[in-house]
Amino acid sequence: MAKKEMRRPIESGCPDGFQYMHPVMVKNFSQWKWHDHPRPGVLRHVAESGDAIWTVRAGTQRILDVFTLRTLCDIGDEFADGHVRFTIRSNIEYMVDGEEKVNPLIDALESAGFVVGGTGNSVAMIAHTQGWLHCDIPGTDASGIVKSMMDELIDEFKNCNMPNRVHITTSCCQINCGGQGDIAINVQHTKPPKINHDLVANVCERPSVVARCPVAAIRPAQVNGKPTLEVDEKKCICCGACYPPCPPMQINDPEHTKLAIWVGGNHSNARSKPSFQKLVASGIPNNPPRWPEATAIVKKILNTYKDDARDWERINDWIDRIGWSRFFELTGLAFTKYHIDHWRGSRKSLNSSTHIRF
Ligand code: SF4
Ligand code: SF4
């Protein structure tokens with residue numbers, strides 16, 4: 001597309017996407033008539049004009065090194081008309097304008113070690129956040145969890161054996177910007193921060209730290225004659241938000257930083273109502289490098305869903321139909337008092353925060 005026709009980059013700097021699109025997609029923009037799913041990992045879209053385009057999807061590890069990116073781009077140049085795009089779930093997609101190009105492209109991807117799949121009623125690539133690289137909240141290694149789990153779910157990614165698509169997310173901290181997922185694995189801090197009083201006065205802007213706490217649990221204090229902070233442990237919800245403005249508020253530790261698993265979240269209102277995910281397993285060891293305990297629970301939930309759900313039910317639809325008590329019975333997960341948020345005391349604690357008034 002000629003430069004003069006391109007729109008200006010939007011506020012975030014995102015450039016006009018048309019310049020990167022496959023010519024068949026540009027020509028038929030908004031004129032698609034139907035699409036189907038000829039095999040796992042491949043989609044076919046047919047336009048009103050009769051043009052067709054095949055999309056081949058492969059999983060990636062999201063945080064890609066230059067050498068892997070070069071390999072992926074070389075495959076795109078040689079086998080896929082030179083056009084690629086990344087999905088929000090860290091898959092790479094190649095577009096080709098002829099069916100005869102699909103199998104050689106899949107062969108090239110597989111022989112370079114990439115896995116083709118993640119379309120239709122499969123377990124799609126796990127979406128994950130990664131605070132190590134772009135965020136200041138105390139988190140955990142979401143990428144490591146994704147790698148360990150996807151190694152064990154590779155058949156569910158490559159084949160379409162699930163009742164409907166399954167979107168799994170991991171979020172490296174409790175703020176959970178990874179969002180709602182059919183299954184979500186999130187960090188869970190279980191103890192209030194431990195304060196290194198010797199460092200607070202040198203490192204922290206104390207008013208900023210007090211303001212950061214969502215439940216007003218932090219107060220200025222003096223210890224050994226030095227200005228510092230203290231935490232009302234009865235109010236603290238162990239969110240970790242005080243750590244970024246004040247690293248001496250240590251909340252991550254190998255013993256008390258755990259994982260929790262939530263199920264039934266759905267952002268979309270395309271086919272059924274959106275829903276919030278609900279806690280089903282907590283206090284799971286945050287156990288690198290392979291996280292076997294968390295992976296075993298995710299596999300148990302997936303196998304139960306596969307055996308018991310009706311065709312095309314998403315996980316939230318399935319649980320809505322069978323009810324939560326049956327979900328816990330079928331999966332064998334323990335239901336404990338920690339699964340219930342009774343909000344006792346929340347009016348007082350939330351009402352004293354700097355963020356919420358009601
Ligand atoms: S989940 Fe938390 S730490 Fe991770 S990127 Fe999102 S806000 Fe940052
Ligand atoms: S910011 Fe979060 S972790 Fe820190 S004291 Fe407040 S509730 Fe506790």
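A salt bridge is a side-chain nitrogen of Lys or Arg within 4 Å of a carboxyl oxygen of Asp or Glu. The views below show a predicted model, in which local features need pLDDT of at least 70 and side-chain atom pairs count only at pLDDT 80 or more, while totals for chains, interfaces and linings use all residues. Residues are numbered from 1 along each chain as its sequence is written, chains are lettered from A and ligands numbered from 1 in the order in which they are written, and side-chain values use heavy atoms, with hydrogens and water left out.

**View 1. Salt bridges between charged side chains.** The whole structure holds 14 salt bridges. In one network, such bridges link R57, R85 and E93. R44 is bonded in this way to D36, with 2.6 Å between the closest N and O atoms. R44 counts as partly exposed because its relative accessibility is 21%; buried means under 20% relative accessible area, exposed over 50%, and partly exposed in between (1.4 Å probe, protein chains only). D36 is also partly exposed, at 25%. K101 and D97 form another salt bridge, 2.7 Å from N to O. Both K101, at 25%, and D97, at 36%, are partly exposed.

**View 2. The salt bridge of R321 and E313.** The closest N and O atoms of this pair are 2.6 Å apart.

**View 3. An open sheet of five strands.** The strand order is β6-β7-β8-β13-β14, with mixed pairing. β6 (127-128) and β14 (278-285) are at the edges with a single partner strand each, so one side of each has no neighbour in the sheet. Strands (E, at least two residues) and helices (H or I, at least four) are DSSP runs, numbered from the N terminus, and two strands pair if DSSP finds at least two bridges between them. β13 and β14 run antiparallel and are joined by five bridges. Across this pairing, W262 is opposite L279 in β14.

**View 4. Strand β8 and its two pairings.** β8 covers residues 183-189, and seven of its seven residues are buried. I183, I185, V187 and H189 point one way from the strand, while A184, N186 and Q188 point the other way. In a regular strand the side chains alternate between the two faces of the sheet. β7 (residues 168-171) runs parallel to β8, joined by four bridges, and T169 has A184 as its bridge partner. With β13 (residues 257-263) the pairing is antiparallel, over seven bridges; here I183 is opposite V263.

**View 5. A nonpolar surface patch.** I63, W132 and L133 make a patch of about 350 Å². Patches consist of residues with over 30% relative accessible area and no salt bridge, with like charges joined within 9 Å and nonpolar side chains (Val, Leu, Ile, Met, Phe, Trp, Tyr) within 5 Å. Areas come from the Shrake-Rupley method with a 1.4 Å probe; for residues, only the protein chains shown count as cover. W132 belongs to helix α4 (residues 131-134) and is exposed, at 56% relative accessibility.

View 6. One cavity of 30 Å³ or more is found in the whole structure. The largest cavity has a volume of about 90 Å³. It is lined by 15 residues, of which C213, I218, C236, C239 and C242 are the closest to its centre. A cavity is a set of points, on a 1 Å grid over the protein atoms alone, where a 1.4 Å probe fits but cannot get out; lining residues have an atom within 4 Å of a point. Grid points are joined across faces, edges and corners, and the volume is the space filled by probe spheres set on the points.

Note on methods. 1 Å grid on protein atoms, 1.4 Å probe; cavity = no way out; pocket = protein on both sides within 12 Å on 5 of 7 lines; lining within 4 Å.
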